[in-house]
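Please walk through this protein from its overall dimensions down to single residues. The text below follows that order.

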Amino acid sequence: MASVTSLASTVDQRIADALSAVLPEAGSASPLLRRSDRADFQANGILALAKQLKGNPRELATRVVSALTATAADAEANADEPAHADQTVPDVIKDIEVSGPGFLNITVTDRAIIETLAARAADSRLGVPYAEQPGTTVIDYAQPNVAKEMHVGHLRSAVIGAAMVEILEFTGEKVIRRHHIGDWGTQFGMLIQYLIEHPHELDHKSGLGDSGDSNSSGGSGDSGADTSIDGETAMSNLSRLYKASRALFDSDEEFKARSRDRVVALQAGDEETRAFWQRFVDESKIYFYSVFDKLDMEIHDADVVGESGYNHMLEETCRILEETGVAVRSEGALCVFFEDVKGPDGNQVPLIVKKSNGGYGYAATDLSAIRDRVQSLDATTLLYVVDARQSLHFKMVFETARRAGWLNEKVHAVQLAFGTVLGKDGKPFKTREGETVRLEDLLDEAVERATAVVREKAEKSGLSEREITENGRYVGIGAVKYADLSTSAVRDYKFDLDQMVSLNGDTSVYLQYAYARIKSILRKAGDTEPAARPELALAPAERALGLHVDEFGEVLAEVASSYEPHKLAAYLYQLASHFTTFYDQCPVLKAETPAQVENRLFLCDLTARTLQQGLALLGIRSPERL
């Protein structure tokens, strides 16, 4: 596997070298190269450089062009061997001209485009390089709560986090997944106490009555859950028990008091209480995994480390913070204060690590998790895929960890904040009754709508009933994921299934159909194999498609460094759009010559591979027939 230098990088380096030759005092000035509608590329950096050096930008641009032309001529004269796809060929640049006040418009040769793409096609990774200095990233995402149904609000963390896992791993980063589930808190005292007092509830085939002697704690190792219970049954049991215990808790003061005592017993490690708590965790996992399975996501039990997984560290975390002076006592509570975090009254609002009654706040758990991930997992980056509404909390937690020395110049933490899922009316997504939308219901409806779309097209494509059902799931779940991932994470977005499963516009369905169309063309080609033909002249649509395919590696590098998967989605949509234009303007199987047929099949094949790889990184499948 060998990485391939993109044409943009090659041209950028050529211009930078010419700049250095013309103006040694410019140092390593960037040409600021970008794609252009006036040529293949435009370099804008000369304007800023000329201003800095108090020179004439157009005159400087002309000198750079002369240097480039001379370099190319020398290389051509000294070339003893034919050009290869290593991008050192002298004829990469076909034309370069000075435009306006000092822009450079650059056009590359058709040969350079095809030879670069041929090098990409020869590599299983499409020539995408690994990161130069990979590290270890712990990604905290997909964090549902035990004994509670997953709703639409859980969608974004799961989808965005899973995509970043795939993208970072593809670039060579070591990625450790962490699902910080809500498996600890006062509600468990209520649930456990209710079950102890109502043993008849265990007679239901709920899986709660016979979980075995599970020794797992907080989701690590084997869950010990009865996997014969389906997710819907598991959640139905949990919901029934939660509602019954909540009703009693709200109406019976004595039961409320006993429930609070049960919380104390749970925190103290009482054996019977912990056994009941574990049963709730196990039952919830069955449900979680069933929902993630619908989302076409793999969740491994070893990666589920909930709040309870850090209980043994809480006291030490608090002690370290207090002894180092990072946290101080305020009205009996252990707090961390910040100059720039103040309430409406102008007073500083603290991060409460330990409450005045001795209980631990969320901050203690989050700080303990940072300690564990840095010290035990050797993380260099901590990536938290959490709601933007928690931004202040994490800002305070990260700053506290920096003051304590757990985060430093070698280890940093980032919140990949996401916005809210809205309904068509632009308000938070709710049912008609005003309740939060269950995630399972939403996914089921998406698959149902998508299956109808696939079925409508099935007559023409000849799909079997099994293929219709399977592809309906891939298209439906892909539509939900893409709608989320094609929006900048921090922005809110409207959940509109009609638009999501549309064949037109910026949807995953459009991309999947583009991929299926290409596979159909390749099947119809029969024995004619795709083959790169660098000697051929390219039509404008072929050039545009080829240049866009060549950008794949650079887009992935940017997405991985900025944690912005929507940029990959945008690239793939543009790729499908370029292919549509190419398909409309350039006959493939009926091209003028056999060589042209092979070359266009080559462009089709590489486009399909790029689409498939890109969609896979977003967690979206690409059916070959639709």
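**From the whole chain to single residues**

S290 lies in helix α9, which covers residues 271-294. The model is a predicted one. In it, S290 is partly exposed, because its relative accessible area is 21% and the buried class is limited to values under 20%. Leaving out residues up to four places away in sequence, S290 touches G231 and E440.

The protein has 20 helices and 13 strands. Its C-alpha trace spans about 95 × 65 × 45 Å along the principal axes. Of the 626 residues in the protein, 52% are buried. Among contacts with a separation of 6 or more, 76% are between residues 24 or more positions apart.

In soluble globular proteins, nonpolar side chains tend to be buried together. Here the largest nonpolar core has 155 residues, and the members that touch the most other members are L104, F495 and L568. Helix α5 (residues 155-170) supplies the largest share of this core, with 11 residues. What does F495 touch, beyond residues up to four places away in sequence? Its contacts are L155, V421, L422, K424, F429, L442, V480 and M500.

Another core, of 33 residues, lies apart from the largest one, and its members include L314, V326, V336 and L367. L314 belongs to helix α10, residues 314-323. L314 counts as buried because its relative accessible area is 6%, where the limit is under 20%. With neighbours within four places in sequence set aside, L314 is in contact with Y360, A364, T365 and S368. The C-alpha atoms of L314 and G102 are 61 Å apart in space, and the two residues are 212 residues apart in sequence.

Helix packing can be followed in two pairs. Two packed helices are described by the angle between their axes and the distance between the axes. Helix α4 (residues 110-121) packs against helix α20 (residues 594-617) at an angle of about 50°, and their axes are 11 Å apart. This angle makes α4 oblique to α20. Their crossing is left-handed. On the α4 side the contact is made by I114, L117, A118, R120 and A121, and on the α20 side by N599, F602, L603, L606 and R609. Sorted by class, the contact of α4 with α20 has seven nonpolar residues, one polar residue and two charged residues.

The second pair is helix α6 (residues 187-197) and helix α8 (residues 253-268), whose axes come within 8 Å and cross at roughly 110°. That angle makes α6 roughly perpendicular to α8. From α6, the residues F188, G189, M190, I192, Q193, Y194, I196 and E197 meet F255, R258, S259, R262, V263 and L266 of α8. The contact of α6 with α8 divides into eight nonpolar, three polar and three charged residues.

T136 lies in strand β5, residues 136-140. At 12% relative accessibility, T136 counts as buried. Not counting residues up to four places away in sequence, T136 touches E173, K174, I176, L377, D378, A379, T380 and T381.

Most residues other than glycine have a negative phi. Which values of phi do A142 and D378 have? A142 is not a glycine, yet its phi is positive, at about 50°. D378 is also a residue other than glycine, and its positive phi is near 55°. A142 is placed in the loop between β5 and α5, whereas D378 is in the loop between α11 (362-375) and β10 (381-387).

Are these two residues buried or exposed? A142 counts as buried because its relative accessibility is 3%. D378 counts as exposed because its relative accessibility is 53%, and the exposed class begins over 50%.

Terms used: Residues are numbered from 1 along each chain as its sequence is written. This is a predicted model: local features need pLDDT of at least 70, side-chain atom pairs count only at pLDDT 80 or more; totals for chains, interfaces and linings use all residues. Side-chain values use heavy atoms; hydrogens and water are left out. Axes are lines fitted to C-alpha atoms, for helices over the stretch in contact, and angles run from 0 to 180 degrees between N-to-C directions. Helices (H or I, at least four residues) and strands (E, at least two) are DSSP runs, numbered from the N terminus. Angles under 35 degrees count as roughly parallel, over 145 as roughly antiparallel, 65 to 115 as roughly perpendicular and the rest as oblique. A crossing is left-handed if the near helix is turned anticlockwise from the far one by less than a right angle, and right-handed if clockwise. Contact means heavy atoms within 4.5 Å. Ala, Val, Leu, Ile, Met, Phe, Trp, Tyr, Cys and Pro count as nonpolar, Asp, Glu, Lys and Arg as charged, and the others, Gly among them, as polar. A nonpolar core is a set of buried Ala, Val, Leu, Ile, Met, Phe, Trp, Tyr and Cys residues joined through side-chain atoms within 4.5 Å. Buried means under 20% relative accessible area, exposed over 50%, partly exposed in between (1.4 Å probe, protein chains only).
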